[in-house]
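Work through the exercises below with the sequence and the model open. Try each task before reading its solution.

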There are 2 protein chains.
Amino acid sequence: MALIVQKYGGTSVGNVEKIKNIANKIAKFIDDGQQIVVVVSAMSGETNRLTSMASIIAKQPSSREMDTLLTTGEQVTISLLSMALQDLGHEAISYTGWQIPIATNNIHSKARIEEINSKKITSQLEQEKVVVVAGFQGISAEGNITTLGRGGSDTTAVAIAAALSADECQIYTDVDGVYTTDPRVVPEAKRLDFITYDEMLEMASLGTKILQIRSVEFASKYQVPLRVLSSTQDGDGTLLISEQDFKESTMEKPIISGIAFSRDEAKLMILGIPDEPGIAFQIIGPISDANIEIDMIIQNQGHDGTTDFTFTVSRSDIHKAEEILRASAKKLGARKVQTDDSIVKVSLVGIGMKSHSGIASNMFKVLADNQINIQMIGTTEIKISIVINEEQLDTAVQKLHKAFELDK
Amino acid sequence: MALIVQKYGGTSVGNVEKIKNIANKIAKFIDDGQQIVVVVSAMSGETNRLTSMASIIAKQPSSREMDTLLTTGEQVTISLLSMALQDLGHEAISYTGWQIPIATNNIHSKARIEEINSKKITSQLEQEKVVVVAGFQGISAEGNITTLGRGGSDTTAVAIAAALSADECQIYTDVDGVYTTDPRVVPEAKRLDFITYDEMLEMASLGTKILQIRSVEFASKYQVPLRVLSSTQDGDGTLLISEQDFKESTMEKPIISGIAFSRDEAKLMILGIPDEPGIAFQIIGPISDANIEIDMIIQNQGHDGTTDFTFTVSRSDIHKAEEILRASAKKLGARKVQTDDSIVKVSLVGIGMKSHSGIASNMFKVLADNQINIQMIGTTEIKISIVINEEQLDTAVQKLHKAFELDK
């Protein structure tokens, strides 16, 4: 008998018929003798409905009251799903975040889970009940209702799986797993049977938005086997495991697991600034202070005692970043400021890079062979990222996918 | 500075515009220097929306899950109203039933309040905040969400007023007070400035459905000054007070406060049964066992050693009651069973009856003068009820209203 924590998102429970379908799906696991804890989100559309009422009521709704408002969404789902399971003859019981309780800090709208008391859940599982838990929500030490922020239900599921030492945490989504790259760009993209937490984090942060990053971090920290699979199709999905487990397994280990890319990139350059200590901080500091996240940074030494500085930000931040950069440029006596919001980032991700050399040069060769100019390069232990012109994105991803045999 | 508990029902908070209006209304009280605790219901329509989803999901939704489902309704209202107050520049904070907490027993869908902890409310009032509390809901000792049953928000408001020793509990409704009788039947009906709890209970249970009976009982028990008034019109409404306070006041005391009536009545007769001890129980017992509420009962001795038995039930119960009665009739060898579902009940209500004699005979004279036949009579200390044919209801109420000078 395995203990499984399953999470169903808003689309999977979007109306009463879909909730009944999910109940049927869960019933099969019960009939197979599994112990099931279900974590659910608000029915799709519900969060928008509530948010739009709030925005009519107040210009700046307080975050405490927003959390109280939005958490009704999952509370509706847990009660309806419990009823649906009961109607099928299965004992089921619902719990809100505060009922468990799922203790969080008091940062409304993006609270962090501090502790989960698993006593109630364990006791109900022992009584052979399905336990249905509201995702996304918790309770602060002051007794206020909190929410975990966008995609927080994934984190709830993983945290509960960790607290229960569950055999597996299954995240049901509208895709049937993690792919080697976006199938809309590369039709030959293949579903991965396994991926390590670290690889997934690189894939997720690069725009493959299947799981909330925090839930993967959580799974990695507590070594929760985390499976991504489709709520409507059959299949084993993709299992996220630790590098250790991956190495100890008999699975064939590809060097490259996947190709991630992001279109939400813009580049800023400040040219001809004095090449002296502290210059990087003087440029990057004001940008960070304005809460603009900087991704890649490159500094090139010039031949005349000056230096050039290039970095990337989200496209939505480019105008604000440019304004700040031009002010810095004036102060530092820079020669020129340039921006480019038609760039994209493409990344090869794979733990195999750690033990295999030559991946980068292989990558550059593929790009060169296809007349793709590399504007910036950045690397981590398990990732090589390049910045290229957005018009060449599809070609780059397709050629790399083929060259690294991800379609095999 | 007075401490006032105000309750607004579902119609008053039926959409975001109405919620903003209520916030404006509350803001005026705050500006006048009052301390305000607001109790609200779910937005009108919301409970039906949730109930209909549940009824599609399950044939018999569990009452625990129904309570979890339905209480989201008030949770939405408290957060939106708090936001609306904050948007007007007033500090406001919302609390669900479990946050207060409002401790109840564990009878789902009709829980009773056992204790209200007023600490949080008091502390927030001291910080000059408006406290917005979800009506209708509480929490059981086991940590389950409970509801107080239909109209439970009134009870929440009165119970909180009692716990806080508030100066007044104001129930805002769609009528501007308690009338001497239904103005749709008697256009000259007058709004009462005052009424005692006991009179209100008699009026309410007889079909003048303004306040939930339990809330009046609660107000009576804890001597909470309870005011019924309109959420849309100005005016002082009707204040419910104790008989003691009424006597000690300088207000003119009418003998009769009002005329209540109920159309939801049906009569059953069992004729020619043996006149022996225990016969009443043998007839009434099986009816009560079937959860049918019996209102008036009359037993007439016959001249041949037999007796006749007449009683009234709700119209919706008549077929079930008749079936049971016919079974009893067979067993007891009764001569006949008759039913009549075209009757109504009219009641004079007034604490003045205690000290004034002759009210009943006056009443009977008025009815006789108008050719209205009395089928049954029942009395309490402050009420005389008669059963008549439904066709004569309007005439009876109009003539009695005039005869007892309720229009003066």
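Just after helix 11 of chain A, G333(A) takes a positive phi of about 70°. Helices (H or I, at least four residues) and strands (E, at least two) are DSSP runs, numbered from the N terminus.

The model is predicted: local features need pLDDT of at least 70, side-chain atom pairs count only at pLDDT 80 or more, and totals for chains, interfaces and linings use all residues. Residues are numbered from 1 along each chain as its sequence is written, and chains are lettered from A and ligands numbered from 1 in the order in which they are written.

**Exercise 1.** Which residues of helix 11 of chain A are buried, and which are exposed?

Solution. Count the other C-beta atoms, placed from the backbone, within 10 Å of a residue's own: 20 or more means buried, 12 or fewer exposed, and in between partly exposed. I318(A), A321(A), I324(A), L325(A), S328(A) and A329(A) are buried. They cover an arc of only 145° around the axis, so they sit on the same side of helix 11 of chain A. The arc is that of the directions from the helix axis to the C-beta atoms. An α-helix has 3.6 residues a turn, so residues three or four places apart point the same way. On the other side of helix 11 of chain A, H319(A), E323(A), A327(A), K330(A) and K331(A) are exposed.

**Exercise 2.** What relates chain B to chain A?

Solution. Superpose the copies by least squares on the C-alpha atoms of residues with pLDDT of at least 70 in both. A rotation of 179° with 0.1 Å of shift along its axis places chain B on chain A, with RMSD 0.2 Å. That is the relation of a two-fold axis. In chain B, T72(B) comes closest to the rotation axis, at 2.6 Å (C-alpha).
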